[in-house]
Amino acid sequence: MNAFKAFKAQVPIAWSPNLYITLVRGMPGTRKLHRRTLEALRLSKCNRTVMRWNTPTVRGMLQQVKRLVVVETEEMYKARKENKEKHQALRPPLVVSHLPTPPTPASEST
C-alpha cells in the first residue's frame with residue numbers, strides 16, 4: 001500500500017481524464033451505502049481495478065468510499081504495471097563455477 005501512497009502523492013487526480021480505481025479493502029463489515037457505491041463502480045472483489053471517466057459524479061462516489069479504494073491516474077497506473085512486469089521478468093541465470101582457480105603468475109612473483 002505504500003507504493004500506492006507514493007503514486008498518489010505524485011500526480012493531482014483532478015487533471016487526469018481517466019481514473020483507475022482499485023478496491024484494496026474488503027466489503028464485509030462496511031455500510032450498505034458503501035457496498036452499493038462499490039457495486040455502482042463495478043468493484044466486487046479485492047485488488048480488482050476498473051477504469052472510469054474523471055467526472056464529478058465518480059469523484060463524489062470515491063469520496064464516500066475513500067478508505068476502501070485507491071485512485072490512480074493513467075500515468076500512475078501504467079508506471080505501476082510497468083514496474084510489476086519488470087520485477088516479474090525473467091532474469092539471466094546465475095552461473096557459478098566450483099572449479100578451483102589456478103594461481104596467477106603475478107601473485108607468485110611477489
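These notebook entries record what I looked up in a predicted model of a protein.

**Entry 1: Ground rules**

I number residues from 1 along each chain as its sequence is written, and side-chain values use heavy atoms, with hydrogens and water left out. Because the model is predicted, local features need pLDDT of at least 70 and side-chain atom pairs count only at pLDDT 80 or more, while totals for chains, interfaces and linings use all residues.

**Entry 2: The whole protein**

I began with the secondary structure and found five helices and three strands. Helices (H or I, at least four residues) and strands (E, at least two) are DSSP runs, numbered from the N terminus. Along the sequence the pattern reads α-β-α-β-α-β-α-α.

I then looked up burial, where buried means under 20% relative accessible area, exposed over 50%, and partly exposed in between (1.4 Å probe, protein chains only). Of the 110 residues in the protein, 29% are buried. The accessible surface is about 8,600 Å², and carbon and sulfur atoms account for 57% of that surface. Accessible areas come from the Shrake-Rupley method with a 1.4 Å probe; for residues, only the protein chains shown count as cover.

For contacts I used heavy atoms within 4.5 Å. Among contacts between residues at least 6 apart in sequence, 75% join residues at least 24 apart.

**Entry 3: The sheet**

In which order do the three strands stand in the sheet? I read the order as S2-S1-S3, in an open sheet with antiparallel pairing. S2 and S3 are at the edges with a single partner strand each, so one side of each has no neighbour in the sheet. On average, neighbouring strands are turned by 30° against each other, direction ignored.

Two strands count as paired if DSSP finds at least two bridges between them. S1 is joined to S2 by five bridges, and S1 also pairs with S3 over five bridges. In S3, Ile21 has Val71 as its bridge partner.

**Entry 4: Strand S1**

I next asked how many of the six residues of S1 are buried. Six of its six residues are buried. Asn18, Tyr20 and Thr22 are on one side, and Leu19, Ile21 and Leu23 are on the other. I recalled a general point here: in a regular strand the side chains alternate between the two faces of the sheet.

Asn18 is buried at a relative accessible area of 11%. Leaving out residues up to four places away in sequence, Asn18 touches Met51, Arg52, Trp53, Glu72, Thr73 and Glu74. Leu19 counts as buried because its relative accessibility is 0%. Leu19 and Arg59 are 40 residues apart in sequence, yet their C-alpha atoms are 9.4 Å apart in space.

**Entry 5: Helix H2**

In H2 (residues 32-40), I found His34, Thr37 and Leu38 buried. They cover an arc of only 100° around the axis, which puts them on the same side of H2. This arc is that of the directions from the helix axis to the C-beta atoms. The face turned away from the buried side carries exposed residues, namely Lys32, Leu33, Arg36 and Glu39.

What covers the buried residues of H2? The cover includes strand S1 (18-23), helix H3 (56-64) and strand S3 (69-73). After H2 comes Arg42, with a positive phi near 65°.

**Entry 6: Helix H3**

I found Val58, Met61 and Leu62 buried in H3. These buried residues fall within an arc of 100° seen down the axis, so they line one face of H3. Pro56 and Thr57 are exposed on the face turned away from the buried side. The buried residues of H3 pack against S1, H2, strand S2 (49-53) and S3.

H3 lies across S1, S2 and S3 and runs at about 25° to S1. Axes are lines fitted to C-alpha atoms, for helices over the stretch in contact, and angles run from 0 to 180 degrees between N-to-C directions.

**Entry 7: The nonpolar core**

A nonpolar core is a set of buried Ala, Val, Leu, Ile, Met, Phe, Trp, Tyr and Cys residues joined through side-chain atoms within 4.5 Å. The largest has 15 residues, and Ile21, Leu38, Leu41, Leu43, Leu62 and Val69 touch the most other members. S1, H3 and S3 each give two or more residues to this core. Finally, I looked up Leu38, which touches Leu23, Met27, Leu43, Val65, Leu68 and Val69, not counting residues up to four places away in sequence.
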